[in-house]
Amino acid sequence: MKTVADQFAETFAAAGVKRIYGIVGDSLNGLTDALRRQGRIEWVHVRHEEVAAFAAGAEAHLTGELAVCAGSCGPGNLHLINGLFDCHRSRVPVLAIAAQIPSAEIGAGYFQETHPEVLFKECSHYCELVSGPNQMSRTLEIAIRQAVGNRGVSVVVLPGDVALQPALNAAVPKAEGLLPGRAIATPTPADIDRLAALLNGDGRVTMLCGSGCQGAHDQVLALADRLKAPIVHALRGKEHIEWENPFDVGMTGLIGFSSGYYAMLDCDVLLMLGTDFPYRQFYPRGAEVRIAQVDVRPEQIGRRAAVDLGVVGEVHATLEKLVPLIKEKRDRAHLDRATEHYRKARKSLDDLAVGKPGKRPIHPQQVAKAISDQAAADAIFTCDVGLPTVWAARYLAMNGKRRLIGSFWHGSMANAMAQTIGAQAAFPDRQVISLSGDGGFSMLMGDFLSLVQLGLPVKVVVFNNSALGFIEIEQKSTGFLDYGTGFKNPNFAAMAEASGVRGIRLEDPADVDNGIADALAHDGPVLVDAVVSKTVLPIPPAITIEMAKGFTLYMLKAVFNGRADDLVDLARSNLWA
């Protein structure tokens, strides 16, 4: 007898699903047993459902294909929600199975009762309860098409007893009808002409490029060459734009480069390509700067800065039509000024990444640069929010093959190690490296054990500064004394060894290069416990008056509260003579 759960498994196999991340439970037993009997889809057993959602999101990000996670009824599927928010906001195709209590008990305050069809609506395109076998096949197919077609999350809520009921006779769907292809949106000729007219004017052009530039690297550079325009990239555009780019002037924003910041302000026309960069204070101010924005999603146009021209279309398709209409400019002054500024900014950052043997603690920049210098040409990097994202953004060099994943829109802690599980499962032969903060790593540390159980050779680098470092800097910059941010950490390397994982502890700058090399060469999972300074300041590209006031106020408070030693440590860590 074919059950509803068997039908689920058949449909997933038809959709090309290769694995499901989750934790088994009584309400999921029908589905997991169907997967066991089918033998075509791997069940990836993690220790926390939040990790399951992050792992599925990483797989979907890297492959562009549907990934699946699952949670049992009540608390089990509730644990998925943070990871699913990240998947949805990152626009990656993920389907979540939220198992439910017995259908006859719904609405009666039963043990572990929740209403996932309500709870998950905010983080999904589609969220529906399967109430019987006659509804299941169509609901699941719609959920798959929504996740794949709209690039986001679908949630199917399945009561455990419904999963065990006999399935109705229905043909197994075909992949060609189940997985919609992506349409290529091209602007109207009139919009292309208007954009060309704006860019062909006499003004200095700066380009701001985001993740929508994926697959358009050559076209973006061709346009920049004709316009003699510097290219600033948003963080999610880094992996698609930064490499082999003579027009690159770095990022802008709080974790960006001064060169990127000033290239955006020092222009007459700002061209935004496939980006929804959210920080309005970093956009040009004043009516004299004209802004044009190209995005495939019309709802994103103009929501960060007032635009003079909005063009709806894929970046690649738009530039294919646009570049031939652009007259080549001769004046390179704007571009040369911006790239020279970038060269100096890049050198100053690289200088900060040089450690002095015996001078402890290690500066985190040195660790990040050593990882970048020694990692494989096709390495996959993940990074936690906060300072690991700063170091990843500034020091990981992209080359067109490397990938970089983080919680760049949802901004969740604890994403990095969790995402490596999905990345390594999907790409077992590639090097996968997590740049983890000690706060993020310890938050979901239980799934470090999953690396051993699943046989995943992930390299986890923990930036161990015994603090929520970025939060401390935020507190200082707004005049607060740091409070509630400290950790009493174990020796993470020793803890790794006790778990059956190679542990390497770095405490002296002299050991960083060899330690990272040993970690990357090891055939199996590794944890690098890098004891780094917590007082290194990731100086933003522009210091506002409010920030300056905040730091001044912090210093006064520190002195009056008997914490002048903090100021000495801060000064020592940021003197690089």
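Predicted model: local features only at pLDDT ≥ 70, side-chain atom pairs only at ≥ 80, totals over all residues.
Local features require pLDDT of at least 70 and side-chain atom pairs pLDDT 80 or more, whereas totals for chains, interfaces and linings use all residues. Residues are numbered from 1 along each chain as its sequence is written, and side-chain values use heavy atoms, with hydrogens and water left out.

Five cavities of 30 Å³ or more are present in the structure. A cavity is a set of points, on a 1 Å grid over the protein atoms alone, where a 1.4 Å probe fits but cannot get out; lining residues have an atom within 4 Å of a point. Points are joined across faces, edges and corners, and the volume is the space filled by probe spheres set on them. The volume of the largest cavity is about 90 Å³. Its lining consists of 15 residues, with His 61, Ser 90, Ile 405, Gly 406 and Gln 419 nearest the centre. Two or more lining residues come from each of α3 (49-63), α5 (81-90) and β14 (403-406) (DSSP runs numbered from the N terminus; helices are H or I of at least four residues, strands E of at least two). Helix α3 provides the largest share of this lining, four residues. By class, the lining of the largest cavity comprises seven nonpolar, five polar and three charged residues (nonpolar: Ala, Val, Leu, Ile, Met, Phe, Trp, Tyr, Cys and Pro; charged: Asp, Glu, Lys and Arg; polar: the others, Gly among them).

Nine aromatic pairs occur in the structure. Rings of Phe, Tyr and Trp (its six-membered ring) pair if their centres lie within 6.5 Å; planes under 30 degrees apart count as stacked, over 60 as edge-to-face and the rest as tilted. Phe 257 and Tyr 342 are stacked, at 5.7 Å centre to centre and 15° between the planes. Phe 257 lies in the loop between β9 (248-251) and α13 (258-265), and Tyr 342, 85 residues apart from it, in helix α15 (residues 333-352). Phe 257 is buried at 4% relative accessibility, as is Tyr 342 at 16% (buried: under 20% relative accessible area, 1.4 Å probe, protein chains only).

The ring centres of Phe 441 and Phe 492 are 5.5 Å apart with planes at 90°, so this pair is edge-to-face. Because Phe 441 belongs to helix α19 (residues 438-443) and Phe 492 to helix α22 (residues 492-498), the pair ties together parts 51 residues apart in sequence. Phe 441 is buried, with a relative accessible area of 1%, and Phe 492 is buried, also with 1%.

Notes: 1 Å grid on protein atoms, 1.4 Å probe; cavity = no way out; pocket = protein on both sides within 12 Å on 5 of 7 lines; lining within 4 Å. Buried < 20%, exposed > 50% of the residue type's maximum accessible area, 1.4 Å probe, protein only.
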